[in-house]
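Have the sequence and the model open beside you.

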Amino acid sequence: MHKKLIRCIIAACSFLTINSSLALAQLNPSDEAQGITETAYTPLRCNQQLQASRQKTYSRKFIVPQQARLLSWNIYKAQNQGLYKDLTHLNETADIVLLQEAIVDTRLTSLKPFWRFSPGYKSGNVQSGVMTLSRWPATVHCTFIHKEPWLRSPKATNIVEYAMANQQRLLSVNLHGINFTFGTKAYAQQLQASIKIMQQHKGPILFAGDLNAWSDARQKLVNDALTKLGLKEAIYVDDKRTKAFGLALDQVWARGVVISDTLVSEYTSSDHNPILATLKIDDV
């Protein structure tokens, strides 16, 4: 009788533990899971969703203020000791968080009330990608995948639209650039997918991430494409950004947004250093 009772208690505890874990995993669902954000997976469909969004009027909770704080960081799949502690600290003053090599983990998704994920490289059971988190819900989320020509591992681009006052829209592009290639053909194709979206956008744009612009040819592609669209790169007084062959991998560009108070501090919890910046959206 006692053995049977003990087995029942163990079974009940196991049931509660499993269900508690499932409940924890379901906390803070993504914008899509909450049914508040439209999602698209191709540039054509993305532009269609964005055009439809611009005809809508959104409630106050969607509206992004004129000034916000940005954090952009490649977190190296959260493998290094101290990453979550460092990220939690940096997140305290950030309003928009752009992560590359992120994973879907409650310690990440709980950083902000709203988040969207675009899957990239997967190793075993660990799915990494780019994640955009914010204090406000998004109106549209677009996910683009491009594969490395050699390794065939995917690199993700995450495009998010936010509502602003006066029916304006802020477009945020979070990109993890293709890395291992000869030449720039595949890299240019990845950039072009985002360019197709930005070309159709009339308002402010934020373009950031680990661009992997480690060659003069790659950087020229970025410079030419973004400056043609009216974007300008952030300026760093003390530039501690992670570099390869003397060129910064992590970048922040903007149009219709004044970038100030940029800060890049050195951290050992990732193989990249994070960028913090203040954003002030121009009067429209």
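Contact here means heavy atoms within 4.5 Å. This is a predicted model: local features need pLDDT of at least 70, side-chain atom pairs count only at pLDDT 80 or more, and totals for chains, interfaces and linings use all residues. Residues are numbered from 1 along each chain as its sequence is written, and side-chain values use heavy atoms, with hydrogens and water left out.

Q: Among contacts in the protein chain between residues at least 6 apart in sequence, what percentage join residues at least 24 apart?
A: Take the contacts between residues at least 6 apart in sequence. The share that joins residues at least 24 apart is 67%.

Q: How many strands does the protein chain have?
A: Helices (H or I, at least four residues) and strands (E, at least two) are DSSP runs, numbered from the N terminus. The chain has seven helices. Its strands come to 15.

Q: How far from Arg255 is the nearest side chain of opposite charge?
A: Arg255 is found in strand β13. A salt bridge is a side-chain nitrogen of Lys or Arg within 4 Å of a carboxyl oxygen of Asp or Glu. Lys and Arg count as positive and Asp and Glu as negative; His and the chain ends are not counted. Arg255 is buried without a salt bridge, and Asp282, the nearest side chain of opposite charge, is at 9.0 Å.

Q: Which residue has its backbone oxygen 2.8 Å from a polar atom of the Arg255 side chain?
A: Arg255 touches Leu229, Gly230 and Leu231, among others. It also touches His201 and Lys202. The backbone oxygen at 2.8 Å belongs to Gly203.

Q: Is Asn166 buried or exposed?
A: Asn166 lies in the loop between β7 (154-163) and β8 (169-176). Its phi is positive, near 60°. With a relative accessible area of 63%, Asn166 is exposed.

Definitions and conventions:
Buried < 20%, exposed > 50% of the residue type's maximum accessible area, 1.4 Å probe, protein only. Polar contact = N/O pair within 3.5 Å; in protein donor to acceptor, adjacent residues only side chain to side chain. Lists of a residue's contacts leave out its neighbours within four places in sequence.
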